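This report describes selected elements of a single protein chain. The sequence and the structure come first, and the description follows.

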Amino acid sequence: MTAPARVGGPSPRDRSKDKQADGDKARRRSAAADRAYARRAQRAQNLRSGSPAPQQNQKQASKAPFVVLVMLVLVAGIAGIMYFSTQAAADSYRLQEARAEQEKLTLRVEQLRREVTLLESPTDLARRATEMGLVQPSNPARLRQLPDGTIEEFGKPSAPTKSTPPPPPSTTTPPAGEQQPPAGTTPPAGEQAAGDVAANPPDAAGGWLMPGPQQRGPRRPLSVRGPAPKARTGGNSKVRISVGRVLLIGALLAAGLKLVQVQGLQADELSAQARLQRTTYLNIPAERGAILDRNGNQLAFSVEVRALYILPQRARKNWDTEREKEKDKATKQFPQTYDEHARDVAKFVSATLGPQANGEKTDEESIYEQLVADISYEVLVSEAEPTKAAAVVAKYPSEIGSEYRAKRIYPNGQVASNIIGAANWRQDEKPPTTQGILGLENAADNVLAGRMGRRVVDTMSGNDTLVIPNTERELTKPQPGKSLELTIDVDTQYAVQRMVTDYTQKSGARSGSAVVLDSHTGEIIAMANDQTYDPTDFGKATDAQKRNRAVADTFEPGSVNKIVTAAAAVEYGLFKPDDVLQVPGFLPVADREIRDAWNHGTVPMSFTGVFAKSSNVGTLLAAQEVGQERYAEMLQKFGLGKRTQSGVPGEESGTVPPLNQWSGSTFGNLPIGQGLSMNLLQMTAMYQTIANDGLRVPPRLVRAEIAADGSRSEKQRPEGVRVVSPETAKTVRDMFRSVTQSNPRDANQNGTGAKAALPGYQIAGKTGTAQQIDPTCKCYSQVDHWITFAGILPADNPRYVVGIMLDRPQGTQFSSSAAPLFHDIAAFLTQRFQVPMSNEQTPYVQLQL
């Protein structure tokens, strides 16, 4: 049997031609890729062998090899991509062709299977036999198919009878047992085939009897093609590969160009930016300067300490996490619970630091409570010794941290605390540092603090505290603060402070102060108050304790101010020490009467006696001779009404009414020390002027600044102000010696400050008692007073001036005068500084005639 002709689809020869054409295209593409690769390789070779362009500087020359290397890598990458993409394209094309061929063969096999099925039916076999001429169309003979698939004819063909035409297909007599369908109807194809089979059972030889040809409708095609395969929606794979190749090459080019830009053109700039990102600036604390007395003794200095801290919540979390990780391990580094571990830490810390560290509790229980507290941050101890703190951190580095701090030390405790003030470590400052809070520590903070340095370190990304080893470099060295050398003598300060405190208590005064000045330089040797505080714990001090009353409190000086009248009267030649004044019992001034502290009628007094006995009336008589203008001018020359510029923090200026604001009674108050105010330093400076032969030298507290290298910068001494002539000053000193005069046989010849006398030394001074204002009546009180005293030691060769003020002393035998306190201070000064005794005793003077 001849094979049926194939319908549709390319022939094998066509497919062979297509494959050959595709192969040629692939080879051409591969050759083009090879040529492109060769060209790029040649260009790279030319680049390697060519001489470098002229370089402008050494830095660009160092970048050229790297740029060339980047270009070589870029070319090699592009060539590799093209080569492998070409191979991938060829393999993809062959795979696509194989898949297409497989689909065609699959369709052909299906088609042949359908055709075989159709050809195996008896009806089609008979029809095909008739078409092939094996059976005559009019011969009723039968064909049969043998088991081996061959077909043979059986029976004798009967001669056709002319009178009997062949029956039409519609009138064919069905075999016995089969009902003929009604006329004019055609059975379905399935039923018809079934009837054919049923009507032609196999014969004895095992073959099928084939019916003769019948008249049928249009014959069916020999081959039935299945539906055409759907077009693939994925697009052309060659296009995809080409686009992907272009994108890959473009991405590689862009990356290469960016690499050249980053590593070549912008290398310095980007490196600088990278350094900035990993660079951390750390402040280097500057050592704070010390405060020294005039002999170099330390009054305040700083020491390095460490603050130990812990992050309890974080420590507990980390410990529990690590413990959870190793729960299945045989050997465990975290066998305890965190609370058990905290107990061990507390034992070690307490054993290392002791039960207390600078007043802070560091016993085991206190430390343990801090370690297990449910808080994020806790300071275990603020001021631990650096060596001990280092031991604790070395033992437990993952739990306990350490911070630098500086502690201010005041070795003399409360001595001069009103002057020195206080400084402490301020963690809230940015950056944290020691800051002056009170007194000189605050006023001279810029000098003492110095200037912090800075160092640069590289830190790990995201953690500025994790320093990369060997990356530290110093950017700016810290400049230690300068030390201040004061004029204070710490021994004198201690003694005077103790004596003032004791005498204030004995006199029943609310407060008391004393100042000691060098008579020639105006340097403050001591400045003491009865109320002081501990600078290391100034937070517990009251405002009264922190106040330096010697400069911050102003008061009416009382009779101490009479030295202005005496100096003016002598300077202008109005009186001599032996001149006699008739002093009445009172003196009308404007709308009031001025009286002395004791009742008397008109008595003759020497000009010296007026001041020795502190006669208010006699003083006003002398002041009236001086006149208001000259008196006001003399007040200004003594520096009253303005600050002394001594450098002592917190100084008040006091008040002196201007001349144009004086009322009728003003000139009746000022000469006797009422109606004006001053601080104790100003009052003492008045007597320093007389002790220094009429030249007022403003007092000062700081003698020099000392740098860290030991270089010394002396503070320039202020220029003196001539107030009176040396002769006038000496005359006034001699006159005021009689204030300490004592005559047991004649009380009228006693001065008001006899208790200030010091055997072997001439003492010139003046007592003072000033009424205070009663706030209820707005008038002078008859009960509350300021008690003052100012004296010169020794009067014949002045070395020191002492000023004293007591606020409202009451109720004791010491409440009426500060002269005894002057005596005690003067006695100490003569011993401390080995003051030579006077050549002669104070001469006796007739005070009242």
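## Helix α8

In helix α8, the buried residues are Tyr 338, His 341, Ala 342, Val 345, Ala 346, Val 349, Ser 350, Thr 352 and Leu 353; buried means under 20% relative accessible area, exposed over 50%, and partly exposed in between, with a 1.4 Å probe and protein chains only. Because they cover an arc of only 165° around the axis, these residues lie on the same side of α8. The arc is that of the directions from the helix axis to the C-beta atoms.

α8 runs over residues 338-353, 16 residues in total, and reaches 22 Å from its first C-alpha to its last, close to the 22 Å expected at 1.5 Å a residue. The expected span is 1.5 Å times one less than the number of residues. Gly 354 follows α8 and has a positive phi, near 90°.

## Basis of the model

The model is predicted: local features need pLDDT of at least 70 and side-chain atom pairs count only at pLDDT 80 or more, while totals for chains, interfaces and linings use all residues. Residues are numbered from 1 along each chain as its sequence is written, and side-chain values use heavy atoms, with hydrogens and water left out.

## The chain as a whole

The chain has 24 helices and 29 strands. These are DSSP runs numbered from the N terminus, helices being H or I of at least four residues and strands E of at least two. Of the 849 residues in the chain, 41% are buried.

Taking contacts (heavy atoms within 4.5 Å) between residues at least 6 apart in sequence, 70% join residues at least 24 apart. The accessible surface of the chain is about 45,800 Å², with 52% of it belonging to carbon and sulfur atoms; areas come from the Shrake-Rupley method with a 1.4 Å probe, and for residues only the protein chains shown count as cover.

## Helix α20

Helix α20 (residues 628-637) has the buried residues Tyr 631, Ala 632, Met 634 and Leu 635. They are on the same side of α20 because they cover an arc of only 160° around the axis. The face turned away from this buried side carries the exposed residues Glu 629 and Gln 636.

The buried residues of α20 pack against α17 (562-571), α19 (616-626) and α21 (666-669). Gly 639, which follows α20, has a positive phi near 80°.

Strands β20 (residues 586-589) and β21 (residues 592-595) pair in the antiparallel sense over four bridges; two strands pair if DSSP finds at least two bridges between them. Phe 586 stands opposite Arg 595 in β21. The two strands form a hairpin with two residues between them, and Ala 590 in the turn has a positive phi of about 55°.
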